[in-house]
Amino acid sequence: MQGSGFKLVWMHKDIAMATTKIYIVYYSLYGHVEVMAREVQRGANSVDGVEATLWQVPETLSGLILQKMSAPPKANDVPMIRPDQLLEADGFLFGFPSRFGIMAAQCKAFFDATNELWESQALAGKPAGIFWSTGFHGGGQELTAWTAITQLAHHGMLFVPLGYTFGSGMFEMNQVKGGSAYGAGTFAADGSREPTELELQQAFHQGKYVAEIAKKLKS
């Protein structure tokens, strides 16, 4: 009996070690990135042995400013993340709206707070993808991705581009579609446009794709 119990304990340990944890860390002011993040999570969780969790970065704007901007309430089912919690994950997908061609200040502030992790290179070797939202075509669909990669590089994380793995969806010309070889994306226009079915499919694909790579790296 004692031997069986010992074997059972090790079986539980093996199962725990086999789970690949993906953290989807995002900031969303008007909800567009949140919608994308939930689809990314669905894609990542479709991979066997993967546990994908949603996290929000802390807000830096005051409640009064958010009210004046007519921003909707934050998702109450998605917790805020601390920098040290990044250590728990095996891989990441970071999502954010664009601000003049770069990630929103809230996300930049979060990365700025990861200094201790950078000093120890604690995140080096972990795979990470990015996804985003811009207002229009000239709002930084690719520039936002390029500038975000610097955050990953300084941490030694492995940037996982989407490439053209989404297949024919990458070549769609009959409808407006965000995203590129760098990651999934959407257009918010004046704020009234919601992510399209094709953009959500791309987000799902990216979540699954990055999760599969993270799982391979872990094993």
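## How much is buried

In this predicted model, 45% of the chain's 219 residues count as buried, meaning under 20% relative accessible area, where exposed is over 50% and partly exposed is in between (1.4 Å probe, protein chains only). As for surface, the chain exposes about 11200 Å², and carbon and sulfur atoms supply 60% of that. Those areas come from the Shrake-Rupley method with a 1.4 Å probe, and for residues only the protein chains shown count as cover.

Some housekeeping: residues are numbered from 1 along each chain as its sequence is written. Because the model is predicted, local features need pLDDT of at least 70 and side-chain atom pairs count only at pLDDT 80 or more, while totals for chains, interfaces and linings use all residues; side-chain values use heavy atoms, with hydrogens and water left out.

## Overall layout

You'll find seven helices and seven strands here, in the order α-β-α-β-α-β-β-α-α-β-α-β-β-α from the N terminus. The radius of gyration is 18 Å, close to the 17 Å that the globule rule gives for 219 residues, so the chain is as compact as a globular protein of that length. Helices (H or I, at least four residues) and strands (E, at least two) are DSSP runs, numbered from the N terminus. The radius is taken over C-alpha atoms, and the rule is 2.2 Å times the number of residues to the power 0.38.

Take contacts between residues at least 6 apart in sequence: 76% of them join residues at least 24 apart. A contact here means heavy atoms within 4.5 Å.

## Helix α7

Helix α7 covers residues 197-218, and at 1.5 Å a residue its 22 residues should span 32 Å; the end C-alpha atoms are 32 Å apart, which agrees. The expected span is 1.5 Å times one less than the number of residues.

Which residues of α7 are buried? Among them are L198, L200, A203, V210, A211 and A214, but also E199, Q202, H205 and Q206. Their cover includes strands β1 (20-26), β2 (50-56), β3 (91-99), β5 (127-134) and β7 (185-187), along with helix α2 (32-45).

## Two positive phi angles

S70 sits in the loop between α3 (63-68) and β3. Its phi is near 55 degrees, a positive value in a residue other than glycine. S70 is exposed, with a relative accessible area of 59%.

A189 lies in the loop between β7 and α7 and has a positive phi of about 55 degrees, although it isn't a glycine. At 27% relative accessibility, A189 counts as partly exposed.
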